[in-house]
Amino acid sequence: MHIEKQTDTAWISLQETHKKFTQIRHDIHRHPETAFEEFKTADLIAEQLQSWGIEVHRGFATTGVVGILKAGDGDDAIGLRADMDALHLDEMNSFDHKSVHQGRMHGCGHDGHTTMLLAAAEYLAKSKNFSGTVYFIFQPAEENEGGGKVMVEEGLFDKFPVKAVFGMHNIPGIPLGSFAVRPGAMMAGYDRFDITIKAKGGHAAMPDKFIDPIVIATDLVGAINTIVSRNMNPMHSAVVSVTRIAAGETYNVIPETATLAGTVRYFNIDDQALIQQRLETLAVNIAKAYGATAKVEYRVGYPPTLNSVDETAICTDVLIDVFGADKVDKEPEPLMAGEDFAFMLQKSPGCYVWAGNGSEGPHSCMVHNPNYDFNDELIPLG
């Protein structure tokens with residue numbers, strides 16, 4: 001797709017309508033919707049796109065929205081993607097646009113991502129300074145539920161074929177007006193596991209007559225923490241975290257079972273296989289050593305988010321051209337967090353960019369925190 005180099009009134013208009021898009025962002029933030037339930041958000045998106053003359057398609061992954069904009073006679077097409085869903089989180093902010101739904105919050109900035117893509121859609125609809133087709137992809141259920149995977153499986157890129165697809169995420173800690181992008185790994189793969197230990201419960205005063213699953217669980221946690229440090233190539237990166245242990249209901253009873261749960265994050269697919277195998281081996285054999293049994297349920301989640309080389313070069317050139325070389329970090333350290341845009345990158349070449357949400361003040365608060373808020377000054381920049 002060729003974008004004309006020109007000064008146009010649409011860009012000036014976007015800056016002038018910053019207030020309008022801020023109000024849209026605040027409305028989405030005030031009414032957060034979680035995975036596959038983003039019906040009102042989808043309605044708002046569709047209404048805005050249609051008002052700018054953009055063709056709208058709905059129904060992918062239940063609440064997904066795709067807008068189509070064509071200009072000129074070019075044959076190439078690109079996809080621009082934003083996520084729409086909120087988190088299950090109680091907001092602790094006190095500003096006027098705080099969530100009105102207890103237990104749900106836009107604590108990751110997807111309200112801002114949606115608004116930035118809407119602003120881009122209006123800008124492109126007004127300027128038409130390109131030749132080809134742009135697909136505006138508004139994706140539900142990024143947080144844990146894999147809405148991106150569902151859209152791809154339902155034929156997103158079969159119905160809307162693209163030459164490349166691009167996404168963006170705000171990152172607190174990066175200064176406003178600065179960006180980061182690199183070829184290869186930007187975000188880690190993300191899997192989950194549950195381990196159930198079955199032992200022999202009984203009276204806590206007679207531990208010699210029973211098999212204590214809590215003792216087994218604590219030994220297993222220590223062993224799991226050696227997988228990365230003692231089994232993996234030390235030049236690779238991965239994180240295995242046990243994040244939940246549950247066992248017992250009262251003081252004087254050794255429980256019959258104990259459960260552990262956690263996450264695996266990795267960049268290399270061979271490391272993923274190694275970690276999965278070691279979890280199984282350690283759980284089964286440590287339990288067996290105590291006379292108990294263990295079952296591991298390993299659930300593959302998001303693959304690593306891998307930027308393709310050519311599309312990353314395009315993004316880098318655009319960022320440098322618009323914001324200056326000093327505002328673009330071309331060698332950021334990848335994040336261990338997962339991102340289901342990875343499923344789209346498995347299907348199509350593309351690139352995922354980080355945009356600075358702010359490095360100081362309230363907008364430096366990290367995502368998934370009850371005090372987080374998207375920086376409205378990022379809307380025209382993004």
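1. Start with the nonpolar core. The largest one in this predicted model has 50 residues, and those with the most contacts inside it are Leu49, Leu118, Phe136 and Phe138. A nonpolar core here is a set of buried Ala, Val, Leu, Ile, Met, Phe, Trp, Tyr and Cys residues joined through side-chain atoms within 4.5 Å. As for "buried", that means under 20% relative accessible area, with exposed being over 50% and partly exposed in between (1.4 Å probe, protein chains only). As background, nonpolar side chains tend to be buried together in soluble globular proteins.

2. Which helix gives this core its largest share? That is α4 (residues 110-127), with 8 residues. Helices (H or I, at least four residues) and strands (E, at least two) are DSSP runs, numbered from the N terminus. There is also a second, separate core of 29 residues, which includes Val264, Leu279, Ala292 and Val296.

3. Have a look at Phe138. Leaving aside neighbours within four places in sequence, Phe138 is in contact (heavy atoms within 4.5 Å) with Ile45, Leu49, Gly64, Val65, Ala82, Met84, Thr114, Leu117, Leu118 and Met151.

4. Back to α4. Its 18 residues reach 25 Å from the first C-alpha to the last, close to the 26 Å expected at 1.5 Å a residue; the expected span is 1.5 Å times one less than the number of residues. The helix is mostly covered, with 16 of its 18 residues buried. Just after α4 comes Lys128, in the loop between α4 and β5 (130-139). Lys128 is not a glycine, yet has a positive phi of about 50 degrees. With a relative accessible area of 39%, Lys128 is partly exposed.

5. A few whole-chain numbers for orientation. The chain has 12 helices and 17 strands, and its C-alpha atoms fill a box of roughly 80 × 45 × 40 Å along the principal axes. Of the 382 residues, 53% are buried. Among contacts with a separation of 6 or more, 80% are between residues 24 or more positions apart.

6. Now the second largest pocket, with about 650 Å³ of space. On a 1 Å grid over the protein atoms alone, a cavity is a set of points where a 1.4 Å probe fits but cannot get out, while a pocket is an open set with protein on both sides within 12 Å along at least five of seven lines; lining residues have an atom within 4 Å of a point. Grid points are joined across faces, edges and corners, and the volume is the space filled by probe spheres set on the points.

7. What lines the second largest pocket? There are 29 lining residues, and the closest to the centre are Cys108, Glu143, Ala337, Gly338 and His368. The elements giving two or more residues are β6 (164-172) and β17 (350-358), and β6 has the largest share, at 4 residues. By class, the lining has 16 nonpolar, 7 polar and 6 charged residues. For these classes, Ala, Val, Leu, Ile, Met, Phe, Trp, Tyr, Cys and Pro count as nonpolar, Asp, Glu, Lys and Arg as charged, and the others, Gly among them, as polar.

8. Phi of His368 is near 65 degrees, a positive value in a residue other than glycine. His368 is partly exposed, with a relative accessible area of 43%.

9. Pro370 is found in the loop between β17 and α12 too. Is Pro370 buried or exposed? At 19% relative accessibility, Pro370 counts as buried. Pro370 and Asp90 are 280 residues apart in sequence but 6.2 Å apart in space, C-alpha to C-alpha. Beyond four places in sequence, Pro370 is in contact with Leu89, Asp90, Glu91, Met92, Asn93 and Met105.

10. Pro172 lies in strand β6 and is buried, at 4% relative accessibility. Setting aside residues within four places in sequence, its contacts are Asn357, Gly358, His363, Ser364, Cys365, Met366, Val367 and Tyr372.

11. Last, Thr22, in helix α2 (residues 18-30). Thr22 counts as buried because its relative accessibility is 14%. Not counting residues up to four places away in sequence, Thr22 touches Asp376 and Ile379.

12. Housekeeping. Residues are numbered from 1 along each chain as its sequence is written, and side-chain values use heavy atoms, with hydrogens and water left out. In this predicted model, local features need pLDDT of at least 70 and side-chain atom pairs count only at pLDDT 80 or more, while totals for chains, interfaces and linings use all residues.
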